[in-house]
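These are my notebook entries on one structure. I looked up the salt bridges, the surface and the pocket in turn.

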Amino acid sequence: MRKPSSRTRAALALVAAAALGVAGCDASGGSAPAPESTKARAVRPAPVWDRSPASIAAVGDSITRGFDACTVLSDCPEVSWATGSDAEVDSLAVRLLGVSGAAERSWNYAVTGARMADLPEQMAQAAAHSPQLVTVMAGANDACRASASAMTPVAAFRADFEEALRTLRKESPKTQVYVASVPNLKRLWSEGRTNPLGKQVWKLGICPSMLSDADDLTSAATRRRDQVQRRVVEYNKVLKEVCAKDRSCRFDDNAVYDYDFGTDQLSHWDWFHPSKDGQARLAEIAYKTITSVT
């Protein structure tokens, strides 16, 4: 048999090289699939939620300060659902850390009257302790304004909450966050308006957008209360969406909003803020959310 010429051998070499090149590509012409070990390294594993955090900081508004739970128009942080020491409340901190642990490793930076715009500063204070958990309950005062038109716009509410989380993450990136929904303010109006004393206290300026002219059932008053209620629903949607984007954040899935506060759970001073019993219910909701497996 005759040996192939040098030109023939060169052509065969080109064909072989082309065949090897095709074998190294996938059917769509891209690179060959990466080895399984490489793909595994490229996936970021989800962080494991610690159901037993060893330290807690609380941020938010009057509810977390125990406002009107002990005396009229006064804070009572010892009955706070988040960090209080009162045995009847059995606060989140006590449930997770024990009595001595709660006294040593929990901090309450909530401020009565605070709105979402105040949360970044509170978060900075909380982050200084590098707590393993921060609790957030804010938003009611954004709806409880002098009038419905003065309520915080939803876009501003979102921006303020996002800034608060960024502030925390900058200083304490591994801290877990529990976010409570804004309570159903219209339900609180409906429950509290049956008490004459409560309605007198409301006239001192408690949540005017919802509570002013408590017995006015005209269409205009109803539209005003419905407008406030819709804004609360929008705020809770923001809390859920922003929290969902943070890998170490849990929203209560509207558990606080859905809770049917009765007269036993409302302050017997203003019939709007939580009583000791109401604070205990908030602590229970938070504890169940934080210790849930999923």
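Does E284 count as buried, partly exposed or exposed? I found E284 partly exposed, at 27% relative accessibility, where buried means under 20% relative accessible area, exposed over 50% and partly exposed in between, with a 1.4 Å probe and protein chains only.

Ground rules, for the record. I am working on a predicted model, in which local features need pLDDT of at least 70 and side-chain atom pairs count only at pLDDT 80 or more, while totals for chains, interfaces and linings use all residues. Residues are numbered from 1 along each chain as its sequence is written, and side-chain values use heavy atoms, with hydrogens and water left out.

Entry: salt bridges.
I searched the whole structure and got 15 salt bridges, each a side-chain nitrogen of Lys or Arg within 4 Å of a carboxyl oxygen of Asp or Glu. E284 pairs with R281 at 3.3 Å, N to O. Both residues are in helix 12, 3 residues apart, so about one helical turn separates them; helices here are DSSP runs of H or I with at least four residues, strands are E runs of at least two, and both are numbered from the N terminus. R281 is also partly exposed, at 23%. I then noted that a network of salt bridges links D277, R281, E284 and K288.

Next I looked at E88 and K276, whose side chains form a salt bridge at 4.0 Å, N to O. E88 is exposed, with a relative accessible area of 61%, whereas K276 is partly exposed at 28%.

I also checked R95 and D90, a salt bridge at 3.7 Å, N to O. R95 is partly exposed at 25%, and D90 is partly exposed at 31%.

Entry: contacts across the sequence.
D226 sits in helix 10 (residues 219-244) and is partly exposed at 25%. From D226 to A148 I read 9.7 Å, C-alpha to C-alpha, for 78 residues in sequence. S149 is in the loop between helix 5 and helix 6 (154-171) and counts as exposed at 68%. The C-alpha atoms of S149 and R224 are 9.3 Å apart, with a separation of 75 residues along the chain.

Entry: surface patch.
Which residues form a nonpolar patch on the surface? I listed V72, L73, L204 and W269, together about 370 Å² of accessible area. Patch members have over 30% relative accessible area and no salt bridge; nonpolar side chains (Val, Leu, Ile, Met, Phe, Trp, Tyr) are joined within 5 Å, like charges within 9 Å. Areas come from the Shrake-Rupley method with a 1.4 Å probe. V72 lies in the loop between strand 1 (56-60) and helix 3 (92-105) and is partly exposed at 35%.

Entry: largest pocket.
The largest pocket holds about 360 Å³ of space. I counted 24 lining residues, with S62, N141, C144, C207 and H273 nearest the centre. Helix 5 (140-143) and helix 7 (185-192) are the elements that give two or more residues to this lining. A pocket is an open set of points on a 1 Å grid where a 1.4 Å probe fits, with protein on both sides within 12 Å along at least five of seven lines, and lining residues have an atom within 4 Å of a point.

Technical notes
Grid points are joined across faces, edges and corners, and a volume is the space filled by probe spheres set on the points.
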